[in-house]
Amino acid sequence: VVRRHLLQRYEHQPFISCLAGFYSCRWKRYQRRRTEPGKCCCKTRECVFFPLLVGAFCFSLLFLYMWGEAKNDYNNFDWYNYGNLGFWFLWSLVLLIVAAILFTYITLLLVLAMCLLAEGQQLYLHWSHKIGTFLVLGFSITALFILSVLWGDQWKTVRLSFQITAPYLHIGAITIMVLLSWPVALHAIRADKKVVRVVIVGPYLAILLFLFLIPLGMYSPCIREMGTLGPKPALIGHRGAPMLAPENTEMSFQKTIEHCGDGLETDVTISYDGVPFLMHDSTLRRTTNIKEVYPNDTAQNAALFSWDTLKELNAGTWFLKDKPFSCMGSLSRADQNQAMNQSIYKLSNFLRLADSQNKLVIFDLYRPPEKHPYRNSWINRTLEVILNESGIRPHLVLWLENDMRSFVQSVAPGFQQTMGSKAPVEDLVMDNIVKLNLAYTEMSSEDIRKYAEANITTNLYVVNEPWLFSLAWCSGAHSVTTNAVHTLKNLSQPLFLMTPQQYNIMWILTDLTSVLLISLIFAL
């Protein structure tokens with residue numbers, strides 16, 4: 001019997017050697033120490049550092065989750081950096097890769113520590129890993145702080161994501177608690193004082209009980225009874241289809257139409273000689289070849305150029321060079337050639353295209369800068385183009401601009417009046433508002449339902465990710481503005497859709513299974 005125990009212990013040493021080697025760089029047996037019964041699992045210095053390791057894991061996990069869910073807005077992040085740095089780069093993707101690498105590294109260290117504790121070994125983290133832990137902790141906290149200051153709305157996205165991911169995060173958390181039960185049980189049993197056992201087991205059981213009860217207060221619009229789901233939201237192409245073609249160009253809107261988009265969204269600026277054209281940025285630097293043609297005018301406001309100058313600029317080569325989206329995919333040779341020959345698009349041509357295809361249009365209208373000839377007549381000039389030059393049917397126009405709204409209603413009563421912010425239902429009805437155009441971070445199924453009862457529909461922008469589109473669908477949104485018409489059109493039903501009965505079965509089975517496994521581990 002003694003020989004068999006010694007042999008089993010000897011055969012077990014390579015596994016422990018690997019654990020201690022990677023964690024402590026102590027590959028030899030004489031360098032390691034087992035935890036004696038009733039003793040602490042590590043020295044005082046290591047006891048102080050172990051919570052830092054756990055903290056680094058938590059903060060890196062939080063940052064990775066937050067930045068992973070922020071994928072819907074990566075283009076906005078890269079656009080912000082472009083405005084500050086002057087060149088285009090997919091910083092969002094780099095940050096995601098770095099976050100994933102740091103989280104993987106710190107997770108491996110924590111897994112090694114848990115395995116060593118489960119084997120009854122004393123912990124000793126090598127100094128190089130301690131430096132690495134501090135770097136991960138510092139980077140994660142700094143990144144979270146900077147993003148909170150510069151991009152605080154992203155926390156609203158995280159909160160919305162919980163309405164989709166919470167049921168699955170709950171299962172993941174319960175699984176982690178089951179895995180942790182072995183080292184907790186081992187050290188509780190080896191403790192020689194009852195107080196120490198309570199200190200070890202008490203917090204573990206408290207966290208476990210909290211996780212068991214979380215589903216009772218969980219809410220998701222995608223957990224609903226069969227037959228209560230509303231129709232699929234209409235898809236409005238944000239500046240066309242900017243993942244498939246240069247934004248705000250004829251090609252971009254044609255791609256939206258090819259992929260069965262229900263509407264077209266754009267941005268309208270007025271040239272110095274009074275020609276409304278499509279341009280999102282205040283300058284021409286990002287989306288045209290202005291730097292090559294007029295290098296001294298790259299910082300000049302786009303509205304200060306004449307149409308004769310604007311129409312000669314190329315508005316497509318930048319798209320092939322910068323590749324503004326990380327998930328663009330490859331373009332065919334024909335699409336590449338077409339993109340290279342795109343020019344700035346006039347509002348009148350855009351409206352004729354929408355009218356010919358029976359597509360809704362919605363646009364942000366930018367007021368010209370000071371000393372511009374149309375500074376005070378910008379709305380009148382835009383209305384002239386819509387009503388007299390384009391020939392578009394009025395009911396296809398979702399009029400968003402709030403200035404001079406009563407005047408616009410008097411000259412164009414057929415427009416669908418659209419508001420860009422929430423307001424009391426009574427005020428919206430009084431102003432003849434029929435649609436709200438809201439940022440997706442303001443999504444609320446209760447508000448959407450309240451407005452719908454007054455025949456006011458809701459459009460959410462900009463929704464690119466399938467999970468976010470699924471949440472908008474379940475919340476009752478009537479339409480979304482998106483960069484990804486070509487992918488969202490393929491969704492036949494919301495992701496993660498389930499009935500309350502299915503969810504109850506899922507979390508009850510998870511809790512019962514975990515109770516059984518944890519009880520067995522503590523009993524053994």
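The lining of the second largest pocket has, by class, 19 nonpolar, 14 polar and seven charged residues. This is a predicted model, so please keep that in mind throughout. The volume of that pocket is about 1,000 Å³. Its lining takes in 40 residues, and those nearest the centre are Asp 73, Asn 76, Phe 77, Trp 79 and Trp 151.

Which helices and strands each supply at least two residues of that lining? On the helix side they are α3, α5 (127–150) and α6 (154–190). The strands are β2 (263–270), β4 (360–365), β7 (435–439) and β8 (457–461).

Rolling a probe the size of a water molecule over the atoms shows where empty space is left. Counting cavities of 30 Å³ or more gives six. By class, the largest cavity is lined by six nonpolar, five polar and three charged residues.

Next, the second largest cavity, at about 60 Å³. The residues lining this one are Glu 247, Asn 248, Thr 249, Leu 278, Met 279, His 280, Thr 287, Ala 315, Ser 343 and Ile 344. Four of the lining residues are nonpolar, five are polar and one is charged.

Note on methods
Residues numbered from 1 in each chain as written. Predicted model: local features only at pLDDT ≥ 70, side-chain atom pairs only at ≥ 80, totals over all residues. Heavy atoms only, no water. 1 Å grid on protein atoms, 1.4 Å probe; cavity = no way out; pocket = protein on both sides within 12 Å on 5 of 7 lines; lining within 4 Å. Points joined across faces, edges and corners; volume = space filled by probe spheres on them. Nonpolar A, V, L, I, M, F, W, Y, C, P; charged D, E, K, R; others polar. Helix = DSSP H or I, 4+ residues; strand = E, 2+ residues; numbered from the N terminus.
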